[in-house]
Amino acid sequence: MTRTPTTLAALFIGLLTALAAPAAFAADDESDVRALGANLEHYDYPWPVERHTLEAPQGEVSMAYMDIAPDDDISDPPVVVLLHGKNFFGAYWEDTARALAANGYRVIVPDQIGFGKSDKPAAYSYTFHHLAENTRTLLDDLDIDTATVVGHSMGGMLAARYALMYPQAVERLVLVDPIGLEDWKAKGVPYRGMNAWYAREMKKDYAAIKAYQKKSYYDGEWNEDYAEWAKALAGMYAGEDRARVAWAQAATYDMVYTQPVVHEFGQLTVPTTLMIGTRDRTALGKDLVSDELRARLGDYPRLGRQTVAAIPEAELVTFEGIGHLPPIEAPERFRQALFDALGTPHD
């Protein structure tokens, strides 16, 4: 075929366009989603992963965690515990953990049982009380008596439960866009049930994860930072053990629905900082309710005001224009707010 100058120019321009936009292609590319193992065996965390053994009726289970020392050699440094959300695991706290370590904190980042590199037993008591107890035994094993506890999303529900169970062990509670600021059952969201959750989880892949997170977390935006965590989550479902991952995820969805902590906020006795993105509208079961009810669920600006009014010693910090993930969407703003809450000078 004879190529005219116009044809050659078009090909050249097309080549330049393709070369100029590798990041956008990579962020949307599903080809690099690979099987990472049910316990993320083939995914590297930013620090060495250690193991905490927990006793259970069906045998021992292993809880993964990172124990990050402060950059400077500090005797008895203050401790911050970072609790991950439902669709994440400890590694996504990397930016926050590095900032804390650089400013003199020892940082403990566990993967809860059922998540990340931790075991995912089928026969297990997936309750917030149990996960809080697991976290307490981990800190006891590390000789940590007190800590600031920071929880994001589902980790916020867990952090609140932990503070209710072990108030003497919590110096400050920081809740970052926590789910569970409302009782979905009481609001009219019907019970889905384990079989239905499991069936949904067995269908999960990168395309479904991306579609949900893009709509629910990032207001239609997408980039490589967001894609990294979606692909890592998809990699847990991509292997032969996807059923084990799906069952643990279904069980923890059931936990989130059936175990609200919102009714006990008035019993919190520790200083609390609630951080919310004003664009966040996350709520469980929106697909099960009417348009009218769906519009009322997950109104974080309103829920934030109600929550700080309910907690005896609480302050509210808002991130204008940010959604469900301030540490990922606006890391500099989040770091500033976190250190302000901790009352610590920082670099």
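Predicted model: local features only at pLDDT ≥ 70, side-chain atom pairs only at ≥ 80, totals over all residues.
Local features are given where pLDDT is at least 70, side-chain atom pairs count only at pLDDT 80 or more, and totals for chains, interfaces and linings use all residues. Residues are numbered from 1 along each chain as its sequence is written, and side-chain values use heavy atoms, with hydrogens and water left out.

Strand 6 (residues 170-176) pairs with strand 7 (residues 272-277) in the parallel sense over four bridges, and Met-275 in strand 7 is the bridge partner of Val-176.

Helix 8 (residues 206-216) and helix 9 (residues 224-237), helices being DSSP runs of H or I with at least four residues, have axes that come within 9 Å and cross at roughly 140°; the axes are lines fitted to C-alpha atoms over the stretch in contact, with angles from 0 to 180 degrees between N-to-C directions. Helix 8 is therefore oblique to helix 9, given that angles under 35 degrees count as roughly parallel, over 145 as roughly antiparallel, 65 to 115 as roughly perpendicular and the rest as oblique. Contact (heavy atoms within 4.5 Å) is made by Tyr-206, Ile-209 and Gln-213 of helix 8 with Tyr-226, Ala-227, Ala-230, Lys-231, Leu-233 and Ala-234 of helix 9.

Methods
Helix = DSSP H or I, 4+ residues; strand = E, 2+ residues; numbered from the N terminus. Pairing = 2+ DSSP bridges.
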